[in-house]
Amino acid sequence: MTNLILAGILCLAANQGGTAPPPSIIDQPRPEFPVTREAAPPPDANSDANSDANSAATAAESMPLRQRVAQLMMVTMEGTHQPSAEDLAYLQSYTPGGAIVRKILKPSFAAVYVTKLRGVERISGIPLWIGTNIYRLTTAERQELSEFIQLPSPLSLAAANDPVTTNALAELLAQHLNLMGFNLHLGPSLELAPTIDSAVGSVYTLGSDTRFIGDTFQITRRVFENHGIIAIPLGFPGGGTNRRPKSPAVLMTPLDLLPTLDLAPYQQAVRDEAPIIHVGNTLVPTIDINSPPACISSAVMTDLLRDQLGYKGIILAGPMDSQDVAGILDPAEAAIRALQGGADMILWDGAGNREMRAVDMIVTAVEEGKLEESLINDRLNRVLAYKFAHRILEIETLNSKDSVPLEHSRQLARQVQSIEQKSITVVQNKGNILPLRKNKSMPVGITGTIGVDILYAGLSKHMKPISQQAITTARHIGEIQDFEIERITGHIRGLRTVICVLSESDRPEGQVKLVRALKEKGIQVVVVLLGYPRHLPYLAIADAVVLAYCDSARYGETMAAMGDILVGEGPVGFINIENDIDVTVGEERSFNAFDLVRIPPGRLPVTLSKSFPVGLSAPYDPQFAVKKVLWEFGDGKKSKGIRTVHAYKSAGRHIVSLTVTSENGATSVCTFTIVANEVQ
């Protein structure tokens, strides 16, 4: 595809005035990050590995068996302001190797929470991993009021598909974790987007591009390590998104295709020496003939991950108390089987009776000779060796005031909106009705089930008047009712364009009825679809479809970013140029920035059908978004302007840089290589 594009770009223009004009030639914004709390220094490169191993072995030998087993557990706290009484009782009696904080309602609560967990660590004398999943931590549930700002989803990152944007989001997430005192993060998931029909899908995947997913983990891991945080790739060996309603997830990929599909991102994580890899609960019939959950399968953990892929780090398996496992096997028995199958640590979604019972049953299994004590010691030595070799983030520097900047910071809001704008994707644009312009779009109305008021405020900055009618009942019943459609269509007289803001959480039948009813009134319909875009094939009846990949419960910053995109004044992206471009020395070539620019930059990050494959986009005319252009040709020559002509005077390789400043002030950079060859 790239070669075809380049061929078109390099083709000769038509003759004008008897003289052929020269043939034509063809992201990276540089964001600013807030200052974070000082992280612990990186591991001492000169530390003695044998000394670390000896420290780990000495610590393990001093523990009674039950304490050694408890150290192999990674448990999840129930408290939301601080550890609950039950949490603290568990931590004191069965001190685990890791504690996961599921939920904090306010960033400043983290100081109290983490400080209390560190108190348990000081008593035991063993380093404690204190972790979370930042998305699970910050997403409000039911009627909760969260003090956290909305974070761009992993699927948003996949839609942007840009390493600089990836780095920007990794810094943003690491800043949150750092300021709250966490030293471990459950994520990102490296599972591919769903590959089976009727799977629900999730915005918390990184899409369908295996190379992008692997590269994203590499960038994330590096950024997190710079902040003293371990990033754990989730979901080995894949398939966790293949989940139909009320059914377990199943890895369906044939064994011979696994290395190039589901396993590919994990193979890169292994090559990058990720310190911990999580093995999930997906059923694995193509790997293990018995098709157990992956977290208890020796074929997955020992044969595949250890032996075939050569992984040397820590294997975290579970959660054992999830319904996927508990529905078929006693969680304590599952924990024993996980250790026998190759797991080093066991993940739990709780910290209570089930987990304590599992520890006690493992101890009994060892005492009765059903489980080798050497296995427990080997697992613990691997965990402790890493902990002693890598310094834990110093808690003494943590204060409740440190995390205050995370609470509705305008600077963070601008960062989030910038990332969201790079991910927003136009996948359909019949009749070029986008971007919206006064002369072809007005009057404009906005309706929908969520975010109508926010989009109204953002769009009103660009054009007026705009009308709005929210559909409030759908938020409660999950469906757009006929009486709502009648109300909307009864009050649209005189409108030329209507924007419908819809969500994946509503049933598609009502959404389709709404779009059809508007079109029957002669209205141009622009659908803005939020969340995982599984309803996209149904909504292709609209004139234009715009995708954004936020959780339907957290959409404020996404909708605030949407107005600029709809009027064509968002950030600039570029087409991919993977190969060198050959030219002849002395031959003039024309360069047109608009041949390279993509507005908006986002691409569909998942394959939904043959009509909607991964990478799809329908960028529109960039003239309204581009403010300034600077060409640098790599030979000392520069030129301003959208169109220019250049010829190389000597042979060689030249790095061409195109810097585009958009109307909103964002700067994007595209670089590619031109090879100038001597005349043959």
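Is Asp330 buried, partly exposed or exposed? With a relative accessible area of 31%, Asp330 is partly exposed, where buried stands for under 20% relative accessible area, exposed for over 50% and partly exposed for what lies in between, computed with a 1.4 Å probe on protein chains only. The model is a predicted one, in which local features need pLDDT of at least 70 and side-chain atom pairs count only at pLDDT 80 or more, while totals for chains, interfaces and linings use all residues. Residues are numbered from 1 along each chain as its sequence is written, and side-chain values use heavy atoms, with hydrogens and water left out.

## Salt bridges

The structure holds 18 salt bridges, a salt bridge being a side-chain nitrogen of Lys or Arg within 4 Å of a carboxyl oxygen of Asp or Glu. Three of them are set out here.

| Pair | N to O distance |
|---|---|
| Asp344 and Arg306 | 2.6 Å |
| Asp330 and Arg357 | 2.9 Å |
| Arg589 and Glu587 | 3.5 Å |

Asp344 and Arg306 meet in a salt bridge through their side chains; because Asp344 lies in the loop between α13 (331-341) and β9 (345-347) while Arg306 belongs to helix α11 (residues 298-308), the pair ties together parts that are 38 residues apart in sequence. Helices here are DSSP runs of H or I with at least four residues, and strands are runs of E with at least two, both numbered from the N terminus. Asp344 is buried, at a relative accessible area of 0%, and Arg306 also counts as buried, at 15% relative accessibility.

Asp330 and Arg357 form a salt bridge of their own. Asp330 sits in the loop between α12 (323-326) and α13, and Arg357 in helix α14 (residues 353-367), so this pair ties together parts that are 27 residues apart in sequence. Arg357 counts as partly exposed, at 42% relative accessibility.

In the salt bridge of Arg589 with Glu587, Arg589 is buried, with a relative accessible area of 12%, whereas Glu587 is partly exposed, with 29%. Elsewhere, salt bridges with shared partners join Arg306, Asp344 and Arg382 into one network.

## Helix packing

Helices α13 and α14 pack at an angle of about 50 degrees, with their axes 8 Å apart; axes are lines fitted to C-alpha atoms, for helices over the stretch in contact, and angles run from 0 to 180 degrees between N-to-C directions. The two helices are therefore oblique to each other, given that angles under 35 degrees count as roughly parallel, over 145 as roughly antiparallel, 65 to 115 as roughly perpendicular and the rest as oblique. Their crossing is right-handed, which is the term for a near helix turned clockwise from the far one by less than a right angle, left-handed being anticlockwise.

On the α13 side, Pro331, Ala332, Ala335, Ile336 and Leu339 meet Arg354, Arg357, Ala358, Met361, Ile362 and Ala365 of α14, contact meaning heavy atoms within 4.5 Å. These residues divide into 9 nonpolar, no polar and 2 charged, where Ala, Val, Leu, Ile, Met, Phe, Trp, Tyr, Cys and Pro count as nonpolar, Asp, Glu, Lys and Arg as charged, and the others, Gly among them, as polar.

Of the 11 residues of α13, 8 are buried, so this helix is largely enclosed by the rest of the structure. The buried residues of α13, among them Ala334, Ala338 and Gly341, pack against α11, α12, β9, α14 and α15 (373-389).

A second pair consists of helix α9 (residues 210-226) and helix α10 (residues 264-271), which pack at an angle of about 30 degrees with their axes 8 Å apart and are therefore roughly parallel to each other. The crossing in which α9 passes α10 is right-handed. Thr210, Ile213, Gly214, Asp215, Phe217 and Gln218 of α9 meet Ala264, Pro265, Gln268 and Ala269 of α10, and by class this contact has 5 nonpolar, 4 polar and 1 charged residues.

## Backbone features

A cis peptide bond joins Leu434 and Pro435, with omega about 5 degrees, and Pro435 has its place in the loop between β10 (425-429) and α17 (438-441). Lys464 and Pro465 are likewise joined by a cis peptide bond, with omega about 0 degrees, and Pro465 lies in the loop between α18 (452-459) and β12 (466-470).

Glu273, although not a glycine, has a positive phi of about 60 degrees; Glu273 lies in the loop between α10 and β7 (276-279) and counts as exposed, at 62% relative accessibility.
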